[in-house]
Amino acid sequence: MAAPKGAAPKGAAPKGAAPNGRRRLGPLFIVALGWIALIALAAIFANLLPLPSPTDMDLLGKRALPDAEHWLGNDQLGRDMLSRLIYGARISLTVGLLAPVIGVLVGGCLGMLAGYFRGPLETLTVGGVDVLLAFPPLVFALAVTTYLGQSVLNLTLVIGILGIPAFTRVSRAVTLSLTEREFVVAARALGATDARILLREILPNVALPLLAFFLLGVAVTIVVEGALSFLGLGVPPPAPSWGSMIGEGRESLDLAPWLAFLPAGVMFATVLAFNVVGDSLRALTDPRPGAL
Amino acid sequence: MSEPLLSIENVAVELPTPRGLLRAVDGVDLKVEAGRTLGVVGESGCGKTMLSRAILQLLPKRAALTGRVMLGGRDLARLPAEALRKLRGPELAVVFQDPMTSLNPVLTIGTQIVETLQVHLGLSSIAATKRGAELLAAVGIPAPEQRLRQYPHQLSGGMRQRVAIAIALSCEPKLLIADEPTTALDVTVQAQILDLLAREQQRRQMAMILITHDLGVVAGRTDEVAVMYAGRVVERAPTRQLFARMRMPYTEALLAAIPKLDTPPHTPLPAIAGRPPDPTRPLPGCSFAPRCRYADDACEAAKPPLADPEKAGGLYACWHPL
Amino acid sequence: MSAPLLSVENLTVEYAVGGRSLFAVSDVSLHVDRGETLGLVGESGCGKSTLGRAVLQLRKPTGGKVLFDGTELTTLDAAAMRRMRKRLQLIFQDPIASLNPRRRIGDIIAEPLIIVGVTDKAKRDAKVREVMTAVGLDPDVAMDRLPHEFSGGQCQRICIARALILEPELVICDEPVSALDVSIRAQILNLLEEMKRRYGLTLLFIAHDLAVVKAVSDRIAVMYLGKLCEVGPTETVFARPAHPYTALLLEAIPVPDPTVRPMANIPIGEPPSPLAPPSGCRFRTRCPRADAQCAAQVPELRDTGGGRFAACHHPLTNA
């Protein structure tokens, strides 16, 4: 009787614990986040920026070096490089963000349902995912662009659908391990419905790993979009995207290597930034502070 | 008296944590002679595992160890990695709590034993296999030749722990550290494993450190017991003497909190109120004072030293011994 | 005498393991009277936890009946069973794992109220505070924290609070203290006893530690490889075990007294695989009294008088 009372006033964890368990994210994370913010803001407000049109050609200023008017010079058709990079960011980021959204929504839900309910649903999902994975992605992209035409929407759909299997697998794996956990059994023992368990017990625990994976997905998508555009399967010209810029710049690598290397460098930095942010968030996924 | 095999002098282990420096082990002195068994008892978080890691030189990278760990006249903390590696096996061996994680799941039992024997004793593969089967038989595993070809997951928990003991014993260590060797096992199996350890210890005249949270485990199977609380040894005495006359209130409370078979059902247990102190916030006085019913201002003010003021052979750290 | 609150009749739970079937619980019958604590003991893998979960229909039994207050649970549909759950609660072995790491303590404890449809937030909060105080947690400090900020013992208090908030009639405690330290273990056992009095609970207390079970149980049931060996009043069973397995369990407990020599020779061996249980009496492979009859014939649970039942051809006592 007397014993438990003694423990009562001590209530909770040590008083001196770091406020809200906030952990330091390090300067690299800040720099990465800053870069993403810079690119994103530039892309969003491209119309408002005092930039020359990305598609206006200045045939006298082909491959011009940087000057006061064209800060990063012109490309092989005399279009402003900075403007093309920023407008290219629009396409790259739109596709880069939207395609993984398709993956995370469809794949995340499928994976959670498959991992939670098991049985035929799981067999079907895993089978479907395997089929999708076995399908050659380039053939799929070619087929879609051939029959539905080249557009940002189609490009997003193609990459998004190709990304579903990876998200399904992550989400199913996390859910599988969670479903065995006692707090899920506890919720069942309390009489919670399956929907409630999925939303309140499973989803919050799947969300962070999925978010971290989503950011890595953004990075991969930007590269894939670049590759598809480089191959001419991406956004139709003359709209710029980083991939198509690299592809076009390739033709004058010997004359003006920066035409290819500039977009490549921007893409590299952006992809790296998303990876850094994704990795940092994954490290935060564990709710416990740096366990002993 | 003979020179002790292991002598730990003023050992402290500090770990950086997000909440500050954690003093897991705080100035511990211990001695173990060849052929003797020392029981180290304490609750989780009292530093007993960190102490065993300090002896084994298997501390986490960020941990800082001070003090001396003398094994057979050498300070382990100052030995180069290569010399230390050679010591592990023939001089120093360990059995961990969870045999499922201490055995490699993708290698057969045989491979794991035979490799140890080949590396440390330089046996040929045939001789090592024969010796491995003998070792398994010695730890009470039936049909040892067949077991050698099995994987850890094909064995029960008790059998896995026997295999882990066989591997630990394979190089005839002079000191065996058993870190909660039976905590993951059922009572009937626990009794068998403890008997096995005691038998092998006697037969080989090894020194053994038996680490546990259960006073019942050390009672019949050790020569000396050290009780740890909040990183320090708070009482240390020959086992019979300790159980006959406990001086430190913590030891007494720990014993009283164990449910007894001879008390009738529904008797309230004399629980120790509260929880151990936060190891990152050391108290100026006795660490047990906040939970101790004998505590007064003196206990809160200064740490009692581990001493034997009555020259009775038992050490305790308390201002108001029982 | 009134009907028992819980009565389990010929319960069988079967798993499929690699094409073979494993009888985790094999034809077990027992009952728990209103207001009593039945201790269920056995080694790991004996089916005691499976039995607890089968009672709660978290694991569908393959045969037999579970009668709770006269209602047969095995045939209830999902919705009716969900409604029934507020009267039956479960406390787990690992208190930390049984709390969702991403939800606040206040929400975790309030969850049962939300599930049964208490929509009034103020009412929920008041109830949460009441039950938290009852289990020895300070609501002002603990409500908004996450489970990882608490020690194992405190997490178990949270689990107990969650189990008690709907004021259930039967609580199944599945090894509630085996993951805890000795000093904390005693606190939690005392708390369970106090809560039992306060809320008028009936407990099915599952554990592998006979001493722990003895501290809280009115009657105990001993299980081995999916079958009951012995059932009876706690004091009688501990004083004079009838089944050799009970005697073995009792002798294996380490006694914290160096003058008591540990039992010289515990019968070597471990429970055989439940995939291939021995014929006849399942304990015969480890039993010092086993003979041909034990191999040939399954011993039935027989009344040995005084409310005690044992399933043994050669019981140690007939008292």
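**Close-up 1. Strands β3 and β9 of chain C run parallel, joined by four bridges.** In this predicted model, β3(C) covers residues 37–41 and β9(C) covers residues 219–224. One spot to look for is C:V41, which sits opposite C:V222 of β9(C).

**Close-up 2. β9(C) also pairs with β10(C), here in the antiparallel sense.** Six bridges link β9(C) to β10(C), the strand made of residues 227–233. Find C:R219 and you'll see its bridge partner in β10(C), C:P233. The two strands form a hairpin with two residues between them, and C:L225 takes a positive phi near 45 degrees there.

**Close-up 3. Strand β9(C) is buried along its run.** Six of its six residues are buried, so β9(C) is largely enclosed by the rest of the structure. C:R219, C:A221 and C:M223 point one way, while C:I220, C:V222 and C:Y224 point the other.

**Close-up 4. Chain C has an open sheet of four antiparallel strands, in the order β2-β1-β4-β5.** β2(C) and β5(C) stand at the edges with a single partner strand each, so one side of each has no neighbour in the sheet. Two bridges hold β5(C) to β4(C), and C:L67 stands opposite C:E72 of β5(C). Helix α1(C), residues 48–55, lies across β1, β2 and β4 of chain C, at about 115 degrees to β1(C).

**Close-up 5. Chain B meets chain C, with 42 residues of chain B in contact with 40 of chain C.** On chain B's side, the elements giving two or more residues are α8, α9, α10 and α11. α8(B) gives the most, with eight residues. Sorted by class, this side of chain B has 21 nonpolar, 13 polar and eight charged residues.

Definitions and conventions. Residues numbered from 1 in each chain as written. Chains lettered and ligands numbered in written order. Predicted model: local features only at pLDDT ≥ 70, side-chain atom pairs only at ≥ 80, totals over all residues. Contact = placed C-beta atoms within 7 Å. Nonpolar A, V, L, I, M, F, W, Y, C, P; charged D, E, K, R; others polar. Pairing = 2+ DSSP bridges. Axes fitted to C-alpha atoms, helices over the stretch in contact; angles between N-to-C directions. Buried ≥ 20, exposed ≤ 12 C-beta atoms within 10 Å, placed from the backbone.
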